[in-house]
Amino acid sequence: MSSWTDLLHSSTKLLEQAAPSAQFPPLQRNLDQLETLSKKLKAKTLRNEAPQQSIAATRLLAREGLNAEQLARDLKSFELKTTFEDVFPAEATSIEDYLQQVHEMAMVSAVQEAQKDNLRGFNDHMLKVLEEDWQMEKRDFLQSLSHISTLPRTNVTYTVSAGSRPGQLTPIASNPHGSSGPSSMELVPLDSKPIHERKASVYAEIVKNLNNARQRGLPFKPATAFKGAYESLGLHASGGKSVNMQKIWHLLQTLLSEDMTIQRSVSKKMSLVIGARRHLEWGHEKYIMDTIQSHPAQAALGGVVGNLQRIRAFLRIRLRDYGVLDFDAVDARRQPPVDTTWQQIYFCMRTGYYDEARSVALSSRASNHFTPLLTEWINTGGMVPAEIATAASEECEKILRIGDRAGRPAYDKKKLLLYALISGSRRQIDRLLRDLPTLFNTIEDFLWFKLSAVRDCPVGAASIVMNESLVPYTLEDLQAYLNKFEPSYYTKNGKDPLVYPYILLLSIQLIPAVVYLSQESGEEGYNIDAAHISIVLADHGVLSESAGAVQKMGVMDAYAEASSIIRQYGSAYFRVDKLSMALEYYAQAAAAVGGGHLSWSGRGNVDQQRQRNLMLKQLLTELLLRDGGVYLLLGSRGAGEEGELRRFLIDAKTRQQFLLEAAYHCQETGLYEKSIEIQKRIGAFSMALDTINKCLSEAICAFSRGRSDGESRTASLIHSGNEILEMDKYSSEVSPQERESVLEQQTVLRQLEAILSIHKLARLGHYVDALREVARLQFLPLDPRTPDTTTDVFKNLSPHVQACVPDLLKVALACLDNMVDSDGSLRALRAKIASFIANNSNRNWPRDLYEKLARTL
């Protein structure tokens with residue numbers, strides 16, 4: 001470092017000593033300029049030090065008349081091309097070698113192109129996934145911002161608690177006006193809300209429409225409506241799951257036969273079985289069409305598209321490795337085709353093309369004996385007579401015997417399957433599945449076969465059949481087999497959660513399916529679907545059909561269980577102050593125990609109708625006791641003529657009786673203000689005044705003991721009593737008996753007012769005025785100027801007034817203790833009070849009253 005300093009010092013001195021010269025003028029350069037000049041000098045030095053190879057190349061180009069510098073400037077790009085000899089060596093002169101080399105080069109090129117396509121497709125897929133993830137994160141972020149922006153600034157009474165589940169309604173803010181105005185949640189657009197909130201919103205509209213239709217006696221298909229509501233949400237993406245909620249809603253639609261009419265001769269249980277089977281046939285038809293679209297060349301569908309043509313196109317794809325199929329063979333003698341008779345019949349039946357299955361059976365010699373059996377099965381909806389079932393079972397035995405013989409060709413599995421299906425024999429079905437465990441590729445195929453073989457047999461009746469081969473396969477057999485496996489077996493340990501309830505619904509285990517769904521608390525809100533599936537099943541009145549499976553699982557009565565799920569879901573609307581929506585679900589909960597839509601018109605059985613009425617009154621009472629419940633059910637005035645109560649209790653007398661019971665219930669639970677409001681609405685003024693007098697009596701006792709709120713409480717009660725008296729005065733519908741009762745209660749009210757005024761005077765220290773008012777009381781013999789009497793004054797005295805007498809006497813004695821007797825009048829009043837207490841010593845009055853009297857005397 002010192003050497004550099006010395007060098008700088010020396011150069012500075014030389015600069016100072018140097019005299020300016022005309023030949024060499026002084027130059028000044030900064031560091032950047034010096035760096036640029038140094039780089040130029042270095043470049044010149046490198047050119048001068050070029051390697052010998054570069055010099056030799058330049059000389060060679062010059063000998064050929066080429067300028068190397070100009071060539072270097074003009075050359076921008078170059079391309080190397082291979083000659084024919086570079087690709088195909090000249091020594092490959094034979095055709096075989098040439099073709100071999102062409103084949104190798106084609107394979108290499110194909111592999112390289114495939115690698116490029118694969119890499120390009122992978123990059124595109126990853127970019128798409130990245131874009132979807134980004135959009136999802138952005139949507140969640142914006143959604144959280146929208147929720148924050150819509151939260152109210154004040155009166156926030158509910159927030160998302162740790163115990164709340166995503167599938168439940170999450171309260172946001174309390175609305176003091178009940179359901180009269182929109183909640184703060186409604187400020188958020190529907191598309192930006194979480195899935196469970198969007199689902200709850202669209203489902204709620206369907207419940208309203210359903211209730212209105214049932215009240216008016218109009219036709220309504222609830223499963224179809226809920227399916228349309230779910231599809232309107234645009235939640236069709238399955239996310240790699242085999243079953244989504246749209247598929248379950250379609251199953252319910254077909255299960256309950258809302259898309260077609262089932263024969264009336266079929267029982268309700270078999271109607272459900274046929275509906276489940278039709279859903280599986282619809283799914284297989286969709287699968288066949290997807291397969292054909294994926295392999296159009298192999299399908300060779302052509303221009304004419306019928307059901308049978310679709311089945312044959314599907315078989316061309318499925319059996320493409322087996323050779324020429326019989327329906328495509330031109331000359332059967334030249335090359336024997338593959339016989340697909342039983343394949344065609346099976347897949348026609350599996351897809352629901354029954355007429356085509358019959359036509360195939362009629363057109364083939366191989367299925368001549370099967371045609372009448374199939375025709376009978378189709379015509380009876382699977383409920384074939386005993387002789388048909390016996391013939392099919394015997395044919396199964398024959399096929400198995402022939403196939404077991406040595407040297408005999410193997411039997412067609414589809415043929416054995418179809419005969420076992422027609423027979424409906426438990427023995428043949430169990431044997432078929434035992435001998436051919438890999439016969440079905442999917443659980444849908446397995447369930448379709450089982451449902452097609454199910455026979456309508458009462459529980460326990462199968463054991464009465466003497467011949468084992470004729471024991472029918474029942475729905476209970478299918479349910480017992482499916483219930484051997486845990487739910488995790490079907491859901492793949494929760495990866496596909498809807499498969500298990502889907503299997504339960506297909507096997508007509510309705511309540512277990514709903515209960516399982518109601519316990520799912522994921523982001524998809526399956527518990528919301530469970531409540532509305534309960535509404536659909538209860539409305540159709542089919543819950544009792546799965547009673548056998550329900551009893552085995554230990555579940556309570558099916559309708560009561562469904563009603564409980566609906567009621568619990570409806571009560572969640574209380575937390576967001578939507579009483580009107582809770583009312584709609586409560587109506588469905590009551591209809592559920594009543595047997596469904598028949599209960600709305602009173603066509604259900606007597607027991608169910610009684611259960612429905614009890615549940616309805618209980619739920620309406622619960623609503624009535626809520627804040628805003630009176631206004632919702634009864635309207636702004638009257639006894640329900642302008643409110644929602646008239647929708648459910650049409651008769652005026654029934655409404656009157658219900659409201660009287662509700663008012664009595666309010667009194668029992670201590671809701672006196674609610675009871676008074678209800679009694680005023682129905683014109684029971686005397687009852688309302690009696691309630692007011694009871695409350696006023698209690699308030700006076702509290703006031704006498706020094707309660708701080710006693711005075712405001714008593715003033716409010718007296719004001720309410722005066723209002724009722726005014727209403728009674730101008731009411732034209734009051735009967736003479738009611739008016740007489742009102743007058744009696746008015747007397748009690750005035751007596752309590754007099755007692756209250758004495759307490760107020762005593763508290764203010766106006767002892768003379770208080771004692772003067774005590775002597776003036778008409779209902780108590782405390783006036784010293786009147787003679788003593790032995791008449792029982794309590795005989796005609798209201799219990800509410802009687803409860804105030806002990807405290808009144810103690811106040812009078814306290815006033816006497818605080819005054820000086822100048823003329824003997826106070827002594828006479830004290831003696832009057834003592835005589836009154838002595839005459840009523842059997843009243844079990846408080847001990848401190850007697851002690852106070854003793855001290856005074």
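**Labels and their cut-offs**

A: Of the 857 residues of the protein chain, 42% count as buried, where buried means under 20% relative accessible area, exposed over 50% and partly exposed in between (1.4 Å probe, protein chains only). This is a predicted model, in which local features need pLDDT of at least 70 and side-chain atom pairs count only at pLDDT 80 or more, while totals for chains, interfaces and linings use all residues. Residues are numbered from 1 along each chain as its sequence is written, and side-chain values use heavy atoms, with hydrogens and water left out.

Q: How many helices and strands does the protein chain have?
A: The protein chain has 40 helices and zero strands. Both are DSSP runs numbered from the N terminus: helices are H or I with at least four residues, strands are E with at least two.

Q: Why is Leu 829 called buried?
A: Leu 829 has 5% relative accessibility and therefore counts as buried. Leu 829 is found in helix 39 (residues 825-839). Residues up to four places away in sequence aside, Leu 829 touches Leu 771, Leu 782, Pro 784 and Leu 816, contact meaning heavy atoms within 4.5 Å. Between Leu 829 and Pro 784 there are 5.3 Å in space, C-alpha to C-alpha, and 45 residues in sequence.

Q: What makes His 532 buried or exposed?
A: The relative accessible area of His 532 is 0%, so His 532 is buried. His 532 lies in helix 24 (residues 526-540). Its contacts, leaving aside neighbours within four places in sequence, are Tyr 203, Val 207, Phe 226, Trp 249, Tyr 569 and Tyr 585.

Q: Why does Tyr 98 count as partly exposed?
A: Because its relative accessibility is 37%, Tyr 98 counts as partly exposed. Tyr 98 lies in helix 6 (residues 95-150). With Ile 95, Leu 99 and Val 102, Tyr 98 forms a nonpolar patch on the surface, and together they have about 380 Å² of accessible area. Patches are made of residues with over 30% relative accessible area and no salt bridge, joined within 5 Å for nonpolar side chains (Val, Leu, Ile, Met, Phe, Trp, Tyr) and within 9 Å for like charges. A salt bridge is a side-chain nitrogen of Lys or Arg within 4 Å of a carboxyl oxygen of Asp or Glu. Accessible areas come from the Shrake-Rupley method with a 1.4 Å probe, and for residues only the protein chains shown count as cover.

Q: Why is the pair of Phe 314 and Phe 347 called edge-to-face?
A: The structure holds 25 aromatic pairs. In one of them, Phe 314 and Phe 347 are 5.3 Å apart centre to centre with 70° between the planes, an edge-to-face pair. Rings of Phe, Tyr and Trp (its six-membered ring) pair if their centres lie within 6.5 Å; planes over 60 degrees apart count as edge-to-face, under 30 as stacked and the rest as tilted. Phe 314 and Phe 347 are buried.
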